[in-house]
Amino acid sequence: MRIAIVDESSARASIIEEGLSELDDCEIFVIGERQELLAHIAEVGPDIVLMDLGNPSRDVLEEYFAVSRALARPIAMFVDQSDEESIAASVEAGVSAYVVDGLAANRIRPLLDLAVRRFNAFARLQSDLAEAKGKLAERETIDRAKRILMDSRGFGEPQAYAEMRKTAMNQGRRIADIAEAIVTAHELIGGKK
Amino acid sequence: MTSELTIGFLPLVDACLPILALEHGFAEEEGLSLRMVRDVSWATVLDRLLYGHSDVAHLVAPLAIATTLGRGRPAQPLSVPFVLGLNGNAVTMRPELARKVGEPGKLADPIQAGAKLAHLARERKFAGKPLRFGVVHRHSSHNYMLRYWLASCGIVPDRDVEMETVPPPFCADALESGDVDAICVGEPWNSVAVERGAGEIVIATAQIWRRGVEKVLAMREPVLDERRDTIEALIRAMRKAGERFIDPEYFDSNAEILARPEYLDGDAKLIRHAISDHLLLAAGADPVHYADFMFQYREAANFPWVSQAQWLYSQMVRWDALEFSEEGAAKAGAVFRPDVYRSALSGTGQPLPGANSKVEGSLSRPTAVGTQQGAITMEDNRFFDRRVFDPGDIAGYLRSLP
């Protein structure tokens with residue numbers, strides 16, 4: 001089975017590629033750029049094309065497949081196989097699949113399930129990364145706010161932190177928000193960064 | 001109690017009505033809480049609609065009909081109780097081609113430009129390098145309006161010129177790289193190409209058909225049945241948004257809203273041109289005013305005329321290897337739901353036409369038409385070649401086309 005993964009995100013493409021390589025008897029081709037997309041696909045001659053829902057070229061691909069229905073080896077959309085549950089899961093995960101007509105459903109299903117799991121895994125990685133970045137930024141703000149309090153009020157480090165924590169509790173806010181307010185106020189009244 | 005509605009859309013200026021209904025508070029007044037979900041391809045907008053990620057969607061009108069008829073995928077009945085607007089697209093060509101067909105800085109005459117284009121198309125085909133046109137989707141008004149224009153000018157699409165699909169955000173690139181010679185796309189994408197010097201606007205689609213149906217609000221038929229009251233509330237909110245959209249006092253603020261990252265994520269200046277019916281035809285030129293370039297409100301513009309759905313059906317038969325049948329025509333016509341539009345606005349100050357269908361392209365001057373409520377004066381709604389479409393005789397219309 002020849003599988004083409006069309007994805008402009010090379011990180012995601014490699015995560016999917018790695019997942020699909022578990023399957024026996026599969027050759028995987030990653031198409032990363034949109035120039036000459038259709039020519040690349042024609043060259044690969046895939047049985048299955050996977051493309052993420054955020055790719056503007058989906059309409060181009062569907063047009064190509066609609067036309068290719070007249071050809072000897074037509075490509076159908078996965079929806080033609082009328083496996084509602086799989087399709088709903090793939091839309092949820094953000095991946096669309098196009099399958100050569102006549103490929104047995106029992107060969108498609110495990111492949112699509114794998115692709116969906118890999119897409120979900122990638123989405124989780126991304127949100128973890130965003131969260132980690134957010135936490136890191138908060139950490140830095142809290143440190144800056146501590147230093148401001150230490151410099152301006154002569155607090156030691158534990159006391160500066162305790163002050164912020166107390167204020168946060170009294171106001172029902174997060175320490176990071178209090179720290180943000182201290183840093184902003186300090187910058188506004190002309191303190192150095 | 002507020003009802004929640006999730007609305008799928010593509011970042012185009014004609015997604016304006018649901019966005020402005022939300023941002024100006026008209027949706028809230030109607031007890032609606034709207035959530036807008038942006039995508040970058042019609043295929044994904046449609047997938048989300050069919051699998052319940054969105055309740056309703058901004059959609060190219062022919063795609064709603066194609067989906068109902070099972071073109072390209074298994075049939076799923078969609079309903080359209082509201083037209084989001086008429087026209088608003090343009091044909092932009094690579095500068096050297098645009099200058100052979102028209103005059104820089106002026107909209108071309110569609111008949112004269114078409115004649116010149118026919119000549120150039122023959123030359124290019126003879127040289128083994130046929131002209132190539134890009135449209136945003138196979139099932140789009142862009143595709144059918146462009147083909148209508150070309151065919152009436154003696155150019156046979158697919159035979160004399162090549163047609164391909166180009167996603168709107170890639171249109172400027174495709175012109176610049178020479179992948180296509182011309183595109184038919186909505187705003188702001190013509191302006192983006194023009195501003196980059198990649199293309200020049202030659203004609204607006206409103207010159208091909210003065211009142212041509214464009215995007216629609218589409219939903220699955222069962223969703224319309226189950227959430228009828230909510231959908232009718234949305235229709236009322238979007239009519240109010242339409243009134244605000246065409247109010248010159250709000251051109252600036254509406255453009256600012258639409259330009260935001262969560263909506264079009266674009267240039268407010270270019271968006272303002274489009275909503276005030278101004279077109280930047282060539283890089284460095286002054287924007288030209290072309291009345292009713294976009295048409296979202298007057299003359300009950302949002303009324304889903306059954307005849308407009310059937311005109312689109314006639315073009316699918318013409319270009320899409322679809323066999324004509326009275327049954328198919330009726331099914332396509334039934335996608336548009338004037339009954340829902342009427343029931344949503346009955347008793348409000350909004351004008352409602354007396355009929356559900358009309359002979360398209362038959363009016364050459366302002367004409368007062370019969371109404372169910374309010375007054376409507378329809379203006380020039382002709383096709384550039386003066387053909388008229390009588391929904392009572394689609395087969396005859398198809399035979400009369402070149």
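Predicted model: local features only at pLDDT ≥ 70, side-chain atom pairs only at ≥ 80, totals over all residues.
Local features require a pLDDT of at least 70 and side-chain atom pairs a pLDDT of 80 or more, while totals for chains, interfaces and linings use all residues. Residues are numbered from 1 along each chain as its sequence is written, and chains are lettered from A in the order in which they are written.

Within chain A, strand E2 (residues 27-31) has the highest mean, 92, and strand E4 (residues 75-77) the lowest, 57. Helices (H or I, at least four residues) and strands (E, at least two) are DSSP runs, numbered from the N terminus.

The contact (C-beta atoms, placed from the backbone, within 7 Å) takes 19 residues from chain A and 18 residues from chain B. On the side of chain A that touches chain B, H3(A) gives the most, with six residues.

In chain B, helix H1 (residues 16-23) packs with helix H12 (residues 251-259) at an angle of about 105°, their axes 11 Å apart. Axes are lines fitted to C-alpha atoms, for helices over the stretch in contact, and angles run from 0 to 180 degrees between N-to-C directions. H1(B) and H12(B) are therefore roughly perpendicular (65 to 115 degrees). B:Cys16, B:Ile19, B:Leu20 and B:Glu23 of H1(B) meet B:Asn254, B:Ile257 and B:Leu258 of H12(B).

Methods. Parallel < 35°, antiparallel > 145°, perpendicular 65-115°, else oblique. Contact = placed C-beta atoms within 7 Å. pLDDT = per-residue confidence, 0-100.
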